[in-house]
Each structure stands twice: as structure tokens, then as C-alpha cells.
Amino acid sequence: MREAPRDRLDLDILQRSFFGLFDALEDVQFWVKDIRNRYVFANRALLLNYDLQDVEEIRGRTDYDFSPAFCADQFWFDDEQVLKGRVVKDRIELVGGAGEVRRWYLTNKHPVYGRGERVIGTTGTTRRMAAKRSGSGFEGILEIIRARCQRQVTNQELAESVGSYRDWE
């Protein structure tokens with residue numbers, strides 16, 4: 001088990017400073033987790049996704065409290081990578097919500113740094129995937145993922161099925 005960090009996320013200052021901005025983005029779920037992958041903050045969109053009313057209902061809890069183990073395992077794995085200083089960018093993943101409904105989301109995660117560039121937590125956003133316009137390329141990708149959701153799908157399979165990225169533009 002990791003030693004408790006000496007740096008603390010000063011949530012009161014952060015919440016008053018800029019966390020409220022994420023409440024204005026109704027389609028973006030935003031969170032901050034500590035070094036033990038426990039939620040310390042979640043915006044309104046994330047709370048509503050899990051049918052929660054107040055950030056105190058999520059604080060101190062983990063993804064295993066809200067998601068099936070097969071989803072939470074992936075979230076936890078990613079969080080552990082981020083705690084090592086890595087960034088998760090544009091991960092397509094299945095995210096659950098209240099009522100056991102799971103949908104495809106695009107997720108990004110970054111380390112939260114304390115003094116001396118020491119990682120003291122993680123932060124992230126996720127947004128439900130929906131093709132904004134016909135022919136964007138995501139329709140084919142999502143269809144393949146849905147059809148093959150019981151096994152791992154490689155990037156090469158996805159690329160071959162929808163053509164070159166240049167074709168999307």
C-alpha cells in the first residue's frame with residue numbers, strides 16, 4: 001500500500017477557483033481522485049450519471065462502488081498508469097450509469113502534481129461518444145466495438161474497417 005502523500009489537494013480552493021466551470025459543460029463528466037483512486041471531487045454531470053445529488057456521496061469511494069468489476073478494473077488500471085505520470089488520451093471505453101445502462105465514452109486522464117513534481121492524484125474527463133455528423137468515421141468504429149465487445153479489438157482492426165484517418169476529414 002502506498003504511503004499517504006504529504007501534499008494535499010486543496011479542494012476548497014480548487015472548487016471555488018475552477019471546478020464550477022465543469023458544471024457548465026453538461027455533457028462532460030469531470031473528476032479528481034486521490035493516490036488511492038478514491039474520488040475527492042466530481043462535477044454535476046458525473047454525479048447525475050450515477051444518480052447522486054451531492055459530491056459528498058461520491059467522496060472517498062472508488063469506481064468499484066459504481067461500476068461492474070469488468071469496467072472498474074480498466075478504470076483502475078488506467079488510474080495506476082496515470083499515477084506513474086502517464087497520460088490517458090482519447091480512450092474509448094464502456095461507462096456505466098444509474099440503472100446499469102452502459103454507453104461508449106471518450107476518456108482522458110492526467111496526473112495531479114504536488115510539490116517537487118510528485119504525483120498526488122489523478123484527474124479526468126469523459127464524454128459520451130456520439131457521431132456529430134454522418135460520415136465522421138466513428139459510426140463504423142462504434143459498430144465494430146459493439147459487435148466484438150466480448151473480446152479485445154485491436155487498433156489495426158478498427159483502422160482497416162473504417163479506412164484511413166485522412167478519409168474522415
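**Sheet, core and aromatic contacts in a predicted model**

Buried residues account for 41% of the 169 residues in the protein. The model is a predicted one.

User: What pattern does the protein follow when read along the sequence?

Analyst: The secondary structure consists of five helices and five strands. Read in sequence order, these elements give the pattern α-β-β-α-α-β-β-β-α-α.

User: Which residue of E2 is the bridge partner of Val32?

Analyst: E1 and E2 run antiparallel and are joined by three bridges. The two strands form a hairpin with four residues between them, and Asn37 in the turn has a positive phi of about 65 degrees. Within this pairing, the E2 partner of Val32 is Phe41.

User: Which residue in E4 does Arg91 stand opposite?

Analyst: Strand E3 pairs with strand E4 (residues 102-113) in the antiparallel sense, over seven bridges. In E4, the residue opposite Arg91 is Thr107.

User: Why is the pair of Tyr64 and Trp76 tilted, rather than stacked or edge-to-face?

Analyst: A search of the whole structure finds four aromatic pairs. In the pair of Tyr64 and Trp76 the ring centres are 5.8 Å apart and the planes stand at 55 degrees. Stacked rings have planes under 30 degrees apart and edge-to-face rings over 60, so the 55 degrees of this pair makes it tilted.

User: How many residues apart in sequence are the parts that this pair of Tyr64 and Trp76 ties together?

Analyst: Tyr64 is partly exposed at a relative accessible area of 38%, and Trp76 is partly exposed at 28%. Tyr64 lies in the loop between helix H2 (44-49) and H3, whereas Trp76 lies in helix H3. The pair therefore ties together parts whose separation in sequence is twelve residues.

User: Which element gives the largest share of the largest nonpolar core?

Analyst: This core has 19 residues, and those with the most contacts inside it are Tyr39, Leu46, Tyr50, Leu52, Ile58 and Phe66. Two or more residues come from each of E1, E2, H2 and H3. The largest share is four residues, and the element that gives it is E2.

User: Over the ring of which residue does the charged end of Lys33 sit?

Analyst: The ring in question belongs to an aromatic cluster formed by Tyr39, Tyr50 and Phe66. The charged end of Lys33 lies 4.9 Å from the centre of the ring of Tyr39.

User: With which residues is Leu46 in contact, leaving aside its neighbours within four places in sequence?

Analyst: Leu46 is among the residues with the most contacts inside the largest nonpolar core. Beyond its sequence neighbours within four places, the contacts of Leu46 are Gln29, Phe30, Trp31, Tyr39 and Ile58.

User: Is Tyr105 buried or exposed?

Analyst: Tyr105 is placed in strand E4. Apart from neighbours within four places in sequence, its contacts include Arg91, Ile92, Glu93 and Thr126. Tyr105 and Thr126 are 21 residues apart in sequence and 6.1 Å apart in space, C-alpha to C-alpha. Because the relative accessibility of Tyr105 is 7%, below the 20% limit, Tyr105 counts as buried.

User: What is the phi of Asp90?

Analyst: Most residues other than glycine have a negative phi. Asp90 lies in strand E3 and counts as partly exposed at 39% relative accessibility. Its phi has a positive value, near 55 degrees.

User: What is the relative accessible area of Glu117?

Analyst: Glu117 is placed in the loop between E4 and E5. Its phi is positive, near 60 degrees. Glu117 is exposed, and its relative accessible area is 61%.

Definitions and conventions:
Residues numbered from 1 in each chain as written. Predicted model: local features only at pLDDT ≥ 70, side-chain atom pairs only at ≥ 80, totals over all residues. Heavy atoms only, no water. Pairing = 2+ DSSP bridges. Phe/Tyr/Trp six-rings, centres within 6.5 Å; stacked < 30°, edge-to-face > 60°. Buried < 20%, exposed > 50% of the residue type's maximum accessible area, 1.4 Å probe, protein only. Lys NZ or Arg CZ within 6 Å of the ring centre and 35° of its normal. Core = buried A, V, L, I, M, F, W, Y, C linked by side-chain atoms within 4.5 Å. Contact = heavy atoms within 4.5 Å.
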